[in-house]
Amino acid sequence: MITFTLLFGYLYLSGCSRMKHKLDDRGNVMIQETSEQIRKRFLELDVDIEPGEIERRLSDLIERFKVPAQEAQRSVVSYFLREHKIKREDYYGAMQGETSSMRISDIDQAEQWVSLHAKVVQLWESTSPAIDQVGLIGDETGTIKFVKWAKANLPALVEGKSYSIENMTTDEWEGRFSVKMNRTTRISELDEEIETPDREAQLVAIDGINESGKWINLRAKVTQLWDSEHESIDQIGLIGDETGTIKFVKWAKSELPELVEGKSYSFENLVTDEFEERFSVKFNKSSSIKEIDDDIEVGYSTTEFTGAMVHIQDGSGLIRRCPICNRALMKGTCMEHGNVDGIHDLRIKAVMDDGIAVQEALFNREITESIGGITVDEAKEMAVDALDHNVVLDEMKKRLLGRYYTITGSILDRYLLVESVQLMGGISDHEIESLLAEVT
Amino acid sequence: MAAFAREVAYRIFAQELRDTTLVLERDIEDAYAPQYVVTPTGAKVNRIFIVGTLTEKEDIGTDAEYWRARISDPTGTFFVYAGQYQPDAARVIADASVPEFLAVVGKVGVYTTEDGNVMTSIRPEAISVVDAVTRDRWVVETARQTLDRIRKLEDRSSQNIEMVQEHYSLDIEQYRQVAISALESIQ
């Protein structure tokens with residue numbers, strides 16, 4: 001099953017290359033083989049399916065709809081399972097010879113059937129009645145989250161004990177894998193103890209965080225608290241140490257003490273995460289927070305970018321914010337608090353471009369007033385006179401687009417939060433001469 | 001998964017854009033696939049940023065307004081077309097006086113004539129009236145980036161060198177001269 005999938009994955013990827021013609025033939029072979037495999041499995045369940053029918057469905061999905069081969073296989077199997085009223089677990093569950101015993105670090109795909117020899121490293125509190133047990137299991141190669149469904153009716157796992165766990169399915173969420181124990185999973189305790197890697201979190205500096213999924217300790221100050229946009233998030237914001245700042249997320253489930261802006265803490269057992277090449281740290285149930293007396297001096301890493309302003313995004317100009325949560329209103333309505341009497345503000349969300357790279361930039365009211373030459377009060381008057389708040393945005397575009405600026409500030413997600421901005425002045429003759437000297 | 005990334009606005013002199021005849025085939029499976037051209041110095045371009053002088057403008061539309069603007073840099077002329085689908089840009093052209101410095105951000109459009117000639121133009125996303133300081137900065141920046149592209153072709157580190165060699169039989173040296181004379185023109 002595993003080797004088969006890998007080969008199939010390879011073919012799917014290669015199919016995108018230039019050697020398309022040649023690979024199409026091999027693709028057809030794969031479709032035939034897959035369809036034969038599906039047919040055999042159904043025969044074992046006393047269902048005889050016309051091979052051409054399986055092949056037709058597979059090739060339609062793969063060739064016409066460009067569905068990845070593995071997904072196509074899954075879809076076709078699901079179709080026939082429904083058609084013949086066969087339970088998923090009867091089809092997949094009995095494929096015992098097919099699930100492979102593997103190491104945790106080998107798990108790199110969702111929806112695989114796997115067996116592991118692993119130790120229960122941590123048990124967490126279940127957050128749902130559907131979940132009997134949840135936590136971390138580990139082997140020599142790493143640890144992975146597991147979920148044991150209540151419906152599966154399996155024996156209780158004990159923290160620190162090692163087991164042979166057969167027939168689990170893998171799952172993936174935001175690039176991280178987990179295993180699920182279901183009705184067909186078999187658990188037996190092992191006599192020998194499985195060694196797990198030292199998960200001891202290390203004290204690190206924020207600018208040293210360059211990998212996701214690491215357990216770390218930090219000494220840092222809470223520099224910003226933002227509005228949580230989701231009830232599952234208790235607190236979210238920025239923490240910083242001498243080397244820089246990083247976004248943090250504290251889950252409501254983790255039941256940790258409240259962080260206060262401006263206070264310094266010693267944090268233990270945080271997990272690093274990455275999204276679009278930006279790192280963050282997440283607090284979980286095993287994290288701990290201890291306030292410290294030191295006042296940590298936060299080093300802000302600032303970025304500078306010089307380029308032309310080539311675009312001003314929607315949501316720029318004169319906007320209104322919710323008086324309760326400060327979020328920008330959409331069509332006069334706050335997503336959280338509904339119809340509110342908004343407070344006017346000015347801002348610019350711009351795209352800067354130097355011909356090599358683009359940088360999105362967020363200009364707050366103060367900076368916007370200084371480069372746009374329009375104050376909030378003037379902007380309000382303009383909007384009232386024109387009966388249209390877009391006149392402010394139009395005027396900003398007229399004044400700013402196409403000009404060169406040097407902006408400095410800290411990077412947050414996609415945006416550079418502009419702390420200072422300078423309109424670029426004239427080119428010096430010296431600059432031109434030295435460029436000419438390079439080539440003549 | 002790769003996140004959506006905005007296309008960089010390339011800096012290309014008018015002469016180089018006029019000489020551009022290599023149009024990459026679009027991915028027909030993807031309606032949102034961007035259109036690229038590869039210029040003689042090896043820039044693979046979808047979006048462009050230019051600063052030049054409005055030298056001529058004409059409303060060539062029959063029913064609705066459709067503006068054609070000629071915008072010149074020290075090396076040649078860009079053609080910019082703006083109609084009802086670029087209302088902001090069309091308005092700026094309509095209101096602009098000749099001559100005036102304009103900055104244009106837009107997509108490179110290509111058109112193949114009946115006798116097989118490829119014509120390039122710019123479909124503007126934004127146009128603004130700027131000053132000579134901005135124009136000078138653009139010329140220096142465009143010269144520097146053009147010279148960098150030439151250098152990368154010469155030391156064979158340009159990603160698009162094969163396409164350039166296969167398609168263009170032009171002497172690359174002439175674009176170095178174009179950049180030099182552009183620089184000299186604003187000294």
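Me: How many residues make up the largest nonpolar core, and which have the most contacts inside it?
Reply: This core has 52 residues, and Ile48(B), Phe49(B) and Trp138(B) have the most contacts inside it. A nonpolar core joins buried Ala, Val, Leu, Ile, Met, Phe, Trp, Tyr and Cys residues through side-chain atoms within 4.5 Å. The model is predicted: local features need pLDDT of at least 70, side-chain atom pairs count only at pLDDT 80 or more, and totals for chains, interfaces and linings use all residues, while side-chain values use heavy atoms, without hydrogens and water. Residues are numbered from 1 along each chain as its sequence is written, and chains are lettered from A and ligands numbered from 1 in the order in which they are written.

Me: What does Ile48(B) touch?
Reply: Leaving out residues up to four places away in sequence, Ile48(B) touches Ala9(B), Tyr10(B), Ile12(B), Leu17(B), Phe78(B), Val104(B), Val105(B), Gly106(B), Val108(B) and Ile122(B) (contact: heavy atoms within 4.5 Å). There is also a second, separate core of 27 residues, including Met309(A), Ile367(A), Ile374(A) and Ala126(B).

Me: What makes Gly237(A) count as buried?
Reply: Its relative accessibility is 0%, and buried means under 20%, against over 50% for exposed and partly exposed in between (1.4 Å probe, protein chains only). Gly237(A) therefore counts as buried. It lies in strand E9 (residues 233-241) of chain A. Beyond four places in sequence it touches Gln224(A), Leu225(A), Trp226(A), Ile246(A), Lys247(A) and Phe248(A). Val249(A) is 12 residues from Gly237(A) in sequence, and their C-alpha atoms are 7.0 Å apart.

Me: Why is H9(A) called roughly parallel to H3(B)?
Reply: Helix H9 (residues 429-439) of chain A packs against helix H3 (residues 132-154) of chain B at about 20 degrees, with axes 11 Å apart. That angle makes H9(A) roughly parallel to H3(B) (under 35 degrees; over 145 is roughly antiparallel, 65 to 115 roughly perpendicular, the rest oblique). Glu431(A), Ile432(A), Leu435(A), Glu438(A) and Val439(A) in H9(A) meet Val140(B), Arg144(B), Leu147(B) and Arg151(B) in H3(B). Five of the contact residues are nonpolar, none polar and four charged.

Me: What makes H6(A) oblique to H8(A)?
Reply: Helix H6 (residues 365-372) and helix H8 (residues 390-400), both of chain A, pack at about 60 degrees, with their axes 10 Å apart. H6(A) is therefore oblique to H8(A). Thr368(A), Ile371(A) and Gly372(A) of H6(A) make the contact with Met396(A), Arg399(A) and Leu400(A) of H8(A). By class, three of these are nonpolar, two polar and one charged; Gly counts as polar.

Note on methods:
Axes are lines fitted to C-alpha atoms, for helices over the stretch in contact, and angles run from 0 to 180 degrees between N-to-C directions. Helices (H or I, at least four residues) and strands (E, at least two) are DSSP runs, numbered from the N terminus.
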